[in-house]
Amino acid sequence: MPNLVRTRATQPVERVPNPGMLAEVVAGLSAPQKELPPKYFYDQRGSELFEAITRLPEYYPTRTERALLAGWMPELMAQLGTRTLVELGAGNSEKSRIILDAMRATGLAELYVPIDVSATFLSQTAVQLRREYPGLTVEPAVADISVELKLPRLMPRPALFAFLGSTIGNFYPPAAIRLLARVRAAMAPGDRFLMGVDLRKDIPRIEAAYNDSQGVTAAFNRNMLLVLNHELGADFDPDAFEHLAFYDQVWHRIEMHLVAKRAQVVMIPGAEAVTFREGESIRTEISCKYDRASVSSLFAAAGLRIEAWPTDPTTPFGLVVGVPA
Ligand code: AVJ
């Protein structure tokens, strides 16, 4: 009896080739300061770890932003008459619901366009939201917002473009400006841009948010190496790297690194061996912190201006409303 079935079942699972990721990773690990893009944190486990981070006592941004949205959205949506919500990097449908509820209260919630890199995540959210908001059209777009937005051709206006969670902080200023300019280009008269930004404040408080006592952030940081092992067949030993997060006072940003505990060599199929000296690090994330002046200059470079800053500057987190300049 030929055992075709058994033969097939015991063959190794073929990895989906990801040439774009390999090229990006090789380029990052070849730089004098090794660097990997933070978007590679978020596989299933990474997304779960981030969720856990948002619930940590030290991690103030998520709960502060949620409270600010709950306080401001009803009034803002009533003022703007928003009919379409476009959400960039729709990682947290809980916050989307606060905005959608405020839109529904005005009787105008017509279209929701969540944009995310994860197609599975998006279709799950879409099914749930269609059930919860009858009458709302949910049209998810699978896109890497650092490259493109992929918006539907027709959207009821006015639209609100929301970019929450201080995700903008992950981008170096030139890339942040390109991203904001892309949003600006998609805006029609009457549209608004709503952005959540983490604010500059006392450094120990910021540093504590990225060095939690339970080590969740450290696990989240190391998870990126597991993503590389899984996606690219690399052989990183996550235990051979230490979590490091510190505030850079010149650039006003948290930097997260993975520091090699000893000299080592890592193999990635299709690439040259990657060598580490003891103490050498990979920068895995920057998280920029802002004030009104720094947001204003990012906006200006992207053709936007601050229309309103509806939050008290003494809160640790800010919401800003932008319009075309
Ligand atoms: C999702 C980019 C807003 O920078 O605070 C949390 C990610 N990294 N803890 C942030 C993160 C470590 C987070 N953002």
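A polar contact is a pair of N or O atoms within 3.5 Å; within protein, one atom must be able to donate a hydrogen and the other to accept it, and residues adjacent in sequence count only if both atoms are side-chain atoms. This is a predicted model, in which local features need pLDDT of at least 70 and side-chain atom pairs count only at pLDDT 80 or more, while totals for chains, interfaces and linings use all residues. Residues are numbered from 1 along each chain as its sequence is written, and side-chain values use heavy atoms, with hydrogens and water left out.

**The ligand**

| Side chain | Ligand atom | Distance |
|---|---|---|
| Tyr210 | oxygen | 2.5 Å |
| Glu285 | nitrogen | 2.6 Å |
| Ser287 | oxygen | 2.7 Å |

**Two helix pairs**

Helices (H or I, at least four residues) and strands (E, at least two) are DSSP runs, numbered from the N terminus. Axes are lines fitted to C-alpha atoms, for helices over the stretch in contact, and angles run from 0 to 180 degrees between N-to-C directions.

Helix H2 (residues 19-30) packs with helix H9 (residues 216-232) at an angle of about 135°, and their axes are 11 Å apart. H2 and H9 are therefore oblique to each other; angles under 35 degrees count as roughly parallel, over 145 as roughly antiparallel, 65 to 115 as roughly perpendicular and the rest as oblique. The contact (heavy atoms within 4.5 Å) joins Met21, Leu22 and Val25 in H2 to Val227, Leu228, Glu231 and Leu232 in H9. By class, six of these residues are nonpolar, none polar and one charged. Here Ala, Val, Leu, Ile, Met, Phe, Trp, Tyr, Cys and Pro count as nonpolar, Asp, Glu, Lys and Arg as charged, and the others, Gly among them, as polar.

The axes of helix H7 (residues 173-186) and helix H10 (residues 292-301) come within 8 Å and cross at roughly 60°. H7 is therefore oblique to H10. Pro173, Ala176, Ile177 and Leu180 of H7 make the contact with Leu298, Phe299 and Ala301 of H10. This contact has seven nonpolar, no polar and no charged residues.

**A loop**

Pro158 lies in the loop between strand S5 (141-142) and strand S6 (159-163). The peptide bond from Arg157 to Pro158 is cis, with omega near 0°. Lys150 is placed in the loop between S5 and S6, and its phi is near 55°, a positive value in a residue other than glycine.
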